[in-house]
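Please keep the sequence and the model in view while reading.

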Amino acid sequence: MRKQHDVTSNIKEAIQKILDEALSAHGYRKADTVIVADEDHDGDPVLRIDVHYDERGAPIDPEVLAGLVTRVRERLWDMGEDRFPHIRHLVPETRDFAS
C-alpha cells in the first residue's frame, strides 16, 4: 500500500498545472489544493484531490468540471502513474454554477 508521501512532486505539479489551466477562470485556489495518496472503498490505491474555490466569482461551468478527471487521468497515465484520481470540488455555498 502506498502512503501519502508517495505522491511525488512531479505528479502534484502535473495535476496542479491541469487544474490551473482548466479552472483559473473559475476561482480555483491553487495554494489550497490538497493531493494525497489514499484508498477507495474497495481498498484500491487512489489519489484524492481536493480543489478549493474562491467565495465569489463568475458562475462555475459544470462542463469544465465534467472533463477534468479524464484530463488528469490521461496525464497521469502518460507519467506512469496508475492510481485513479478522485477529484472533490469544494465550492462555497456563495458560488453559482452556469446553466
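Contact, as used throughout, means heavy atoms within 4.5 Å. With neighbours within four places in sequence left aside, L68 is in contact with I18, L19, A22, L23, I87 and H89.

## Basis and confidence

This is a predicted model, in which local features need pLDDT of at least 70 and side-chain atom pairs count only at pLDDT 80 or more, while totals for chains, interfaces and linings use all residues. Residues are numbered from 1 along each chain as its sequence is written, and side-chain values use heavy atoms, with hydrogens and water left out.

The predictor's confidence in each residue is given as pLDDT, on a scale from 0 to 100. The protein chain has a mean pLDDT of 90, and 95% of its residues reach 70 or more. Helices (H or I, at least four residues) and strands (E, at least two) are DSSP runs, numbered from the N terminus.

Helix α1 has 15 residues and reaches 20 Å from its first C-alpha to its last, which is close to the 21 Å expected at 1.5 Å a residue, the expected span being 1.5 Å times one less than the number of residues. Buried means under 20% relative accessible area, exposed over 50%, and partly exposed in between (1.4 Å probe, protein chains only).

A nonpolar core is a set of buried Ala, Val, Leu, Ile, Met, Phe, Trp, Tyr and Cys residues joined through side-chain atoms within 4.5 Å. The largest such core here has 20 residues, and those with the most contacts inside it are I15, L19, L23, I49, V51, L68 and V72. The elements giving two or more residues to this core are α1, β1, β2 (45-52) and α3 (68-78), with α1 giving the most, six residues.

## Strand pairing

Two strands are taken to pair if DSSP finds at least two bridges between them. Strands β1 and β2 pair in the antiparallel sense over six bridges; within this pairing, E39 stands opposite P45 in β2, and V34 stands opposite D50 in β2. The hairpin of β1 and β2 has five residues between the strands, and in it G43 takes a positive phi near 85 degrees.

On the pairing with β3 (residues 84-90), β2 runs parallel to that strand and is joined to it by seven bridges. One of the residue pairs involved is V51 with its bridge partner H89 in β3.

T33 lies in the loop between α1 (9-23) and β1 (34-39), and it counts as buried because its relative accessible area is 11%. A polar contact is a pair of N or O atoms within 3.5 Å; within protein, one must be able to donate a hydrogen and the other to accept it, and residues adjacent in sequence count only if both atoms are side-chain atoms. Such a contact, of 2.8 Å, joins the side chains of T33 and Y28. Beyond four places in sequence, T33 is in contact with Q16, L19, Y28, I49, D50 and H52.

D50 lies in strand β2 and is also buried, since its relative accessible area is 17%. Its side chain and that of R88 are joined by a polar contact of 2.8 Å. With neighbours within four places left aside, D50 is in contact with D32, T33, V34, R88 and L90.

Where does H26 lie? H26 is found in the loop between α1 and β1, and it counts as buried because its relative accessibility is 12%. Not counting residues up to four places away in sequence, H26 touches Y53, P59, I60, D61, V64 and R95. H26 and Y53 are 27 residues apart in sequence, yet their C-alpha atoms are 7.5 Å apart in space.

T8 has its place in the segment before α1 and, with a relative accessible area of 42%, is partly exposed. T8 and G80 are 72 residues apart along the chain, and their C-alpha atoms are separated by 12 Å.
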